Amino acid sequence: MSELIRRTAAELSGLLSSGEVSAVEVTQAHLDRIAQVDGDVHAFLHVAGEQALAEAAAVDTARKAGEQLGALAGVPIAVKDVMTTQGLPTTAGSKMLEGWIPPYDATVVRRLKEARLVTLGKTNMDEFAMGSSTEHSAYGATHNPWDLDRIPGGSGGGSSAALAAFEAPLATGTDTGGSIRQPASVTGTVGVKPTYGAVSRYGLIALASSLDQAGPCARTVLDTALLHEVMAGHDPLDSTSLTDGYPDVVAAAKAGATEGIAGLKIGVIRELHGGDGGYQAGVMARFDESLALLTKAGAEIVEVSCPSFTAALAAYYLILPSEASSNLAKFDAMRYGLRVGPAGVEAPSAEQVMAATRAAGFGDEVKRRIILGTYALSSGYYDAYYGSAQKVRTLIQRDFAAAFGQADVLVSPTSPTTAFKLGAKLDDPLSMYLQDVATIPANLAGVPGMSLPSGLADEDGLPAGIQLLAPAQADDRLYRVGAALESLLVESWGGPFLAKNTLEAMK
Amino acid sequence: MTSLSQFAEVLDYDEALEKFDPVLGLEVHVELNTHTKMFCGCSTEFGAEPNTQVCPVCLGLPGALPVLNQTGLESAIRIGLALNCSIAQWCRFARKNYFYPDMPKNFQTSQYDEPIAFEGYLDVELEDGETFRVEIERAHMEEDTGKSLHIGGSTGRIQGAEYSLVDYNRAGIPLIEIVTKPIRGAGDRAPEVAKAYVSALRELLRALKVSDVKMEQGSMRCDVNASLRPRAEDQDAVPLGTRTETKNVNSLRSVERAVKYEISRQAAVLVEGGSIFQETRHWHEDTGITTSGRPKSDADDYRYFPEPDLVPIAPAAQWVEELRATLPEPPALRRRRLQSEWGFSDKEMRDLYNGGAVELVEATVAAGASSAAARKWWTGELARLANQQEKTLAEMPVTPAQIAQLQALVDGGQLTDSLARQALEGVLAGEGDPEQVVEKRGLVVVSDEGALGEAVDRAIAANPGIADKIRAGKVQAAGALIGAVMKEMKGKADAARVRELVIERLAPDAEA
């Protein structure tokens with residue numbers, strides 16, 4: 001097995017630009033790795049081998065011709081299957097879109113192509129990004145490379161597992177309530193949900209429009225920053241896209257690693273720190289250890305209170321299903337995707353076909369949320385549910401504003417636990433929802449958040465994650481503090497975390 | 001109204017009005033004439049091959065997002081201002097959720113409790129010149145749906161159809177929905193007020209140049225709400241009755257007829273002790289009646305919520321004022337100005353307006369004709385022909401420029417009135433411009449004095465009695481002889497010259 005798969009994107013970038021390796025070699029190495037391990041991991045729903053090699057060869061040709069190429073040109077990437085890719089299947093993990101080939105690229109995908117990254121394929125996810133384990137994929141669960149009996153997080157478990165299994169150095173994700181950060185946390189990888197509006201949503205199959213945000217996934221903070229830089233930027237096709245305020249995240253990541261964080265104020269959110277929130281001891285131990293490292297490096301730790309966060313989960317599970325129930329209405333068998341005729345009806349009406357298709361095409365979790373959302377928006381209930389939830393949202397934004405008056409960044413554990421066993425929470429949706437208790441407030445407020453590995457929990461030897469949060473449009477702070485903490489942890493733990501399982505498979 | 005008598009369930013209109021006070025509400029949908037759709041860059045051209053003007057956005061493909069057409073917003077604000085509305089300083093789009101195959105996303109991007117324009121009015125002129133103020137509740141932006149075509153079955157409706165086809169070219173075309181407040185106090189003139197309102201609105205929108213306002217093509221569509229309440233001394237104290245909503249009443253005449261029919265129908269139900277159900281009703285142009293559609297009520301739950309894919313709209317006050325400055329002269333004022341410029345009486349002007357001829361006369365005058373001549377053509381010969389063919393004046397296949405040309409030929413002596421009418425006939429038959437028709441048909445005034453003189457002599461010989469009268473000094477009797485000559489010459493003679501010739505021969509001393 002080629003050692004190329006162990007390289008970070010930044011390292012590959014150097015090797016490629018110096019001509020030491022070709023993009024075709026790098027791509028082939030990752031395709032080989034996918035062929036070797038993905039039968040066990042199931043990170044990919046679709047591998048675009050031929051297309052990837054052709055893209056890589058084109059990059060090599062361009063480089064030989066002396067073309068000016070971006071830093072990540074020729075570096076392979078795995079794309080979450082929620083993003084439309086022209087000519088490549090896009091299912092969002094649902095039977096509803098089985099076999100659908102989009103006629104257009106998501107803006108994010110177009111930006112990746114323009115930066116000449118090489119698309120390896122599409123990664124698995126919970127159906128329409130609803131879930132925290134990837135078990136709700138209509139195409140079977142993804143397995144955590146650290147322990148194949150465990151979940152890789154969700155909804156972006158395919159992307160996080162692909163990174164942890166060294167099937168790709170970079171991956172894209174989308175984060176509506178934690179779908180980038182929680183999978184990063186339970187697989188020992190890095191994931192960032194940028195400020196709402198920083199990355200175009202055009203071509204992302206919408207879950208909840210006011211919460212969805214695409215972002216970068218990688219194994220190091222610097223790699224994440226490099227990908228963030230490619231993905232972010234104003235898009236006239238997305239009305240909610242930011243027109244300005246895109247800080248230099250790559251410079252921030254580099255500065256954090258070299259210049260440190262002395263004098264920075266770091267706020268620990270009281271409501272997301274242990275207590276009776278179901279936080280695992282090993283997760284809290286690694287979190288406190290990280291705080292100690294940051295203090296030692298000269299940061300000032302303060303405690304902040306965000307009292308409304310306790311209502312965040314409840315508000316989230318009204319706003320998300322409400323928007324989702326409307327966003328998913330378009331899947332009606334009329335224009336694309338699955339079409340199912342009702343059983344025993346000879347000449348069914350359009351309505352009967354719609355109903356039969358939606359009954360057959362949506363999984364249980366999706367149906368659950370459509371029903372919840374439809375109910376919450378119904379006349380007579382709107383004010384009590386959707387209206388109240390929006391008020392909570394305002395309160396959470398105020399809590400953040402107050403907290404950021406006291407600290408430059410806020411921290412919490414990303415997920416209360418390490419990766420749980422496949423199937424452990426399938427019959428208990430509420431306990432599954434609680435996986436996102438710490439990540440949801442950032443989506444409700446639109447602020448950016450990062451998860452990076454804080455170490456391995458003592459009790460199970462599985463990765464734990466720490467979450468950093470920054471004010472809107474100050475994504476650079478995440479990278480500065482994240483890169484600093486990463487180098488402190490590397491010093492103390494002896495290097496980035498590698499999944500034992502997949503490492504063995506590499507031999 | 002033969003159709004009314006076929007149905008026992010209607011009450012005589014006058015009797016209905018004695019017992020009940022009608023209250024109306026009009027909802028008018030107007031397609032804007034922007035080049036591109038409301039939320040994407042697709043063309044809005046009418047009549048293209050089905051499903052050729054579509055993209056991921058207006059087809060509702062997964063992942064696609066809307067972006068607001070700024071020209072559409074501008075038109076909406078201008079319409080609001082022209083209707084004397086307040087313009088929202090901050091408003092949003094909302095999603096109206098319901099499933100229907102011609103709606104790509106299964107929700108319509110519309111506005112709900114935050115319309116762009118609200119609280120206005122439109123003064124409309126009735127046939128007798130009186131002004132009636134119709135209050136406007138709101139004007140809001142939304143997107144049109146696709147168009148379903150139901151194949152098979154007899155009615156063209158979905159019931160009984162074998163299959164349906166959907167054309168999404170129309171999906172996403174910008175619409176403005178203009179909703180009146182309840183129109184009270186119109187009494188027996190309710191049908192006329194309804195028609196006059198739609199007509200005035202159409203005139204206003206045309207002057208704003210924001211829409212084609214072609215009711216027959218569906219670029220302006222009207223839904224008529226009507227309810228009755230018992231007559232009372234203190235009418236305002238009587239609560240409104242249950243209303244019906246008659247959909248797609250798509251001509252001015254139909255608006256009037258539909259209101260009248262609903263008043264008679266509802267009155268019959270109420271008189272017999274029945275109740276009116278809140279429902280949508282279908283209008284039948286051919287029979288002039290409405291029939292029950294689906295029950296419709298405030299219980300229809302569209303699960304409105306603010307559209308999260310679009311940012312709120314906050315038009316700057318300065319921009320709104322700039323748009324206000326672009327408003328055209330209000331049509332009623334403009335008519336008054338034109339009336340004085342043209343020197344028409346009130347009645348003449350009202351006839352022009354009611355006949356839909358103001359713009360046509362204006363364009364004819366602009367093309368060089370005198371106002372009197374232009375009016376004569378459009379309210380005379382053309383009105384007669386249009387009436388015969390059951391067309392509106394605007395639908396007649398002749399342009400104001402052609403009419404002006406025709407008149408120039410008359411003024412220049414090349415055509416007599418009678419020849420000019422024949423030339424017009426040719427223009428209407430598609431034979432070309434008046435000059436081409438004149439040439440093709442050989443419509444030339446006979447100026448051969450010899451031939452004219454012989455014809456006059458023949459007429460005198462054939463009508464000795466009349467000739468004697470003229471000889472005796474009754475010059476006005478010459479008309480009959482002139483008519484005979486003109487008939488013989490098939491209208492190609494110059495009547496004035498014929499008259500001169502008659503007088504010359506019979507009463508040379510009389511003043512011609």
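Which residue lies over the face of B:Phe344? I looked, and B:Arg375 does, at 5.6 Å from the ring centre. My rule for a charge over a ring: NZ of Lys or CZ of Arg within 6 Å of the ring centre and within 35 degrees of the ring normal. I also found B:Lys260, with its charged end over the ring of B:Tyr13, 4.9 Å from the centre.

Ground rules before I go on. I'm reading a predicted model, where local features need pLDDT of at least 70 and side-chain atom pairs count only at pLDDT 80 or more, while totals for chains, interfaces and linings use all residues. Residues are numbered from 1 along each chain as its sequence is written, chains are lettered from A and ligands numbered from 1 in written order, and side-chain values use heavy atoms, leaving out hydrogens and water.

Next, rings. I count 19 aromatic pairs over all chains. Rings of Phe, Tyr and Trp (its six-membered ring) pair if their centres lie within 6.5 Å; planes under 30 degrees apart are stacked, over 60 edge-to-face, and the rest tilted. A:Phe400 and A:Phe404 are a stacked pair, 5.8 Å centre to centre with 10° between the planes. I find both in helix 13 (residues 383-406) of chain A, four residues apart, about one turn of the helix. Helices (H or I, at least four residues) and strands (E, at least two) are DSSP runs numbered from the N terminus.

Back to B:Phe344: why do I call its pair with B:Trp342 tilted? The ring centres are 5.5 Å apart and the planes stand at 50°, so tilted is the word. I checked burial as well, where buried means under 20% relative accessible area, exposed over 50%, and partly exposed in between (1.4 Å probe, protein chains only). B:Trp342 is buried at 10%, and B:Phe344 is buried at 9%.

One more ring note: A:Trp100, A:Phe128, A:Phe331, A:Tyr336 and A:Phe362 make one aromatic cluster.

Last, the interface. I see 31 residues from chain B and 39 from chain A in the contact, meaning heavy atoms within 4.5 Å. The two chains bury about 2700 Å² between them, 61% of it on carbon and sulfur atoms; that is the accessible area (1.4 Å probe) lost on being put together, summed over both. In chain B, B:Pro62, B:Leu65 and B:Arg303 lose the most area to chain A, together 22% of what that side buries.

I found one salt bridge across this interface, with a side-chain nitrogen of Lys or Arg within 4 Å of a carboxyl oxygen of Asp or Glu as the rule. The side chains of A:Arg201 and B:Asp309 meet in a salt bridge at 3.0 Å, N to O.
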